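Welcome! Let's walk through this model together, one question at a time.

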Amino acid sequence: MKDIETLEDITFLVNQFYKKAIIDPTISHFFTDVVQLNFEKHIPNISSFWESILVKKATYSGNPMLKHLELNALSPLTKAHFDRWLFLWKDTIEHYFSGELANEAINRAQQIGQLMQFKIAKHS
């Protein structure tokens with residue numbers, strides 16, 4: 001398997017992840033009911049976020065923490081939701097990629113999830 005190397009790899013990964021997430025019984029409602037994401041806009045935005053993290057191209061502008069605080073106000077985000085998101089993210093990465101940046105994508109997702117849970121608890 002190849003490592004994550006390009007924006008195209010990241011976009012592929014993000015697309016594959018969301019194919020799982022939007023049908024997952026634990027977290028799908030956040031994407032389909034609570035906020036009804038426009039995936040044509042969301043996929044490039046999230047891909048840009050991960051590109052900034054993984055390949056150090058500063059293409060992302062936004063505040064994912066604020067978005068998740070707003071989401072939590074609409075429908076509470078629990079540890080179980082974050083655990084499931086991380087499981088699907090890790091499973092998707094490990095199915096398609098292997099290497100340093102693949103591992104970094106998993107590690108950073110764990111860190112991001114922990115930070116978001118901390119900030120959500122602090123603001124609740």
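Buried means under 20% relative accessible area, exposed over 50%, and partly exposed in between, using a 1.4 Å probe and protein chains only. This is a predicted model, in which local features need pLDDT of at least 70, side-chain atom pairs count only at pLDDT 80 or more, and totals for chains, interfaces and linings use all residues. Residues are numbered from 1 along each chain as its sequence is written, and side-chain values use heavy atoms, with hydrogens and water left out.

Q: Is Tyr18 buried or exposed, and what is its relative accessible area?
A: The cut-off for buried is under 20%. Tyr18 falls below that cut-off, so Tyr18 is buried, with a relative accessible area of 9%.

Q: What is the geometry of the aromatic pair that Phe17 and Tyr18 form?
A: Rings of Phe, Tyr and Trp (its six-membered ring) pair if their centres lie within 6.5 Å; planes under 30 degrees apart are stacked, over 60 edge-to-face, and the rest tilted. Phe17 and Tyr18 have ring centres 4.9 Å apart and planes at 75°, which makes the pair edge-to-face.

Q: Which helix holds Trp89, the partner of Phe17?
A: Phe17 and Trp89 form an edge-to-face pair, 5.5 Å centre to centre with 80° between the planes. The pair links distant parts of the chain, 72 residues apart, with Phe17 in helix α1 and Trp89 in helix α5 (residues 79–96). Helices here are DSSP runs (H or I, at least four residues), as strands are (E, at least two), numbered from the N terminus. The helix that holds Trp89 is α5.

Q: Which residues do ring pairs link into a cluster?
A: The structure holds nine aromatic pairs. Phe17 and Trp89 are both buried. The cluster linked by ring pairs consists of Phe17, Tyr18, Phe31, Phe39, Phe49, Trp50, Tyr60 and Trp89.

Q: With which side chain does the side chain of Ser48 make a polar contact?
A: Ser48 is found in helix α3 (residues 39–54) and counts as buried because its relative accessibility is 11%. A polar contact is a pair of N or O atoms within 3.5 Å; within protein, one must be able to donate a hydrogen and the other to accept it, and residues adjacent in sequence count only if both atoms are side-chain atoms. At 2.7 Å, the partner of the Ser48 side chain is that of Thr59.

Q: Which residue caps the N-terminal end of α4?
A: A side-chain oxygen of the capping residue lies 3.2 Å from the backbone nitrogen of Met65. The cap is Asn63.

Q: Which residues does Met1 touch, not counting residues up to four places away in sequence?
A: Met1 is found in the segment before α1 (7–21), and it counts as exposed because its relative accessibility is 67%. Contact means heavy atoms within 4.5 Å. By that rule, Met1 touches Glu94, His95, Tyr96, Phe97 and Ser98.
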